[in-house]
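Have a look at the sequence and the 3D picture first, then read on.

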Amino acid sequence: MVQAKKIALYIVVVFVLYTIITSPQRSAELVGVGFEGVSSAAQSVGDFMTELVK
């Protein structure tokens with residue numbers, strides 16, 4: 001089972017590197033979208049906590 005996890009991890013890493021190398025602009029866009037999502041989630045949690053305190 002551990003061996004399968006290692007192989008899957010290697011495949012994912014190779015795929016990510018291949019994607020970055022072949023289309024860096026698209027990769028940058030995807031990273032930007034990911035950071036926007038995380039930022040939005042953090043903002044929503046902050047808003048929720050603020051409303052809880054009120």
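## Salt bridges

A salt bridge here is a side-chain nitrogen of Lys or Arg within 4 Å of a carboxyl oxygen of Asp or Glu. Keep in mind that this is a predicted model, where local features need pLDDT of at least 70 and side-chain atom pairs count only at pLDDT 80 or more, while totals for chains, interfaces and linings use all residues. Residues are numbered from 1 along each chain as its sequence is written, and side-chain values use heavy atoms, with hydrogens and water left out.

How many salt bridges does the structure hold? There are 2. In one of them, the side chains of Arg26 and Glu29 meet, with N to O at 3.6 Å. Both residues belong to helix H2 and sit 3 residues apart, which is about one turn of the helix. Arg26 has a relative accessibility of 47% and counts as partly exposed, and Glu29, at 42%, is partly exposed too. (Buried means under 20% relative accessible area, exposed means over 50%, and partly exposed is in between, using a 1.4 Å probe and protein chains only.)

Glu51 also forms a salt bridge, with Lys54 as its partner and 3.9 Å between the closest N and O atoms. Glu51 and Lys54 are both exposed. For Glu51, the relative accessibility is 52%, and its place is in helix H2.

## The overall build

Time to zoom out. The secondary structure comes to 2 helices and 0 strands. (Helices, H or I with at least four residues, and strands, E with at least two, are DSSP runs numbered from the N terminus.) Helix H1 covers residues 2-22, and helix H2 covers residues 24-53.

What is the radius of gyration of the protein? The value is 18 Å, whereas a compact globule of 54 residues would have one near 10 Å. (The radius is taken over C-alpha atoms, and the globule rule is 2.2 Å times the number of residues to the power 0.38.) Along the principal axes, the C-alpha atoms fill a box of roughly 50 × 35 × 5 Å.

Leu9 and Lys54 are 45 residues apart along the chain, and their C-alpha atoms are separated by 45 Å. Tyr10 and Glu51 are 41 residues apart in sequence, with 44 Å from C-alpha to C-alpha.

## Where the helices meet

Now go to the stretch around Thr22, which is in helix H1. Thr22 counts as partly exposed, at 45% relative accessibility. A polar atom of its side chain lies 2.9 Å from the backbone oxygen of Tyr18, and the Thr22 side chain also reaches the backbone oxygen of Thr19 at 3.4 Å. (A polar contact is a pair of N or O atoms within 3.5 Å; within protein, one must be able to donate a hydrogen and the other to accept it, and residues adjacent in sequence count only if both atoms are side-chain atoms.)

Is Ser27 buried or exposed? Ser27 counts as buried because its relative accessible area is 11%. Ser27 is found in helix H2. Leaving aside neighbours within four places in sequence, Ser27 is in contact with Thr19 and Ile20, where contact means heavy atoms within 4.5 Å.

## The surface

How much of the protein counts as buried? Of the 54 residues, 2% do. The protein exposes about 5000 Å², and carbon and sulfur atoms supply 73% of that area. (Accessible areas come from the Shrake-Rupley method with a 1.4 Å probe; for residues, only the protein chains shown count as cover.)

Which residues make the nonpolar surface patch of about 540 Å²? They are Val45, Phe48, Met49, Leu52 and Val53. (Patches are made of residues with over 30% relative accessible area and no salt bridge; like charges are joined within 9 Å, and nonpolar side chains, meaning Val, Leu, Ile, Met, Phe, Trp and Tyr, within 5 Å.) Leu52 is exposed, with a relative accessible area of 54%.
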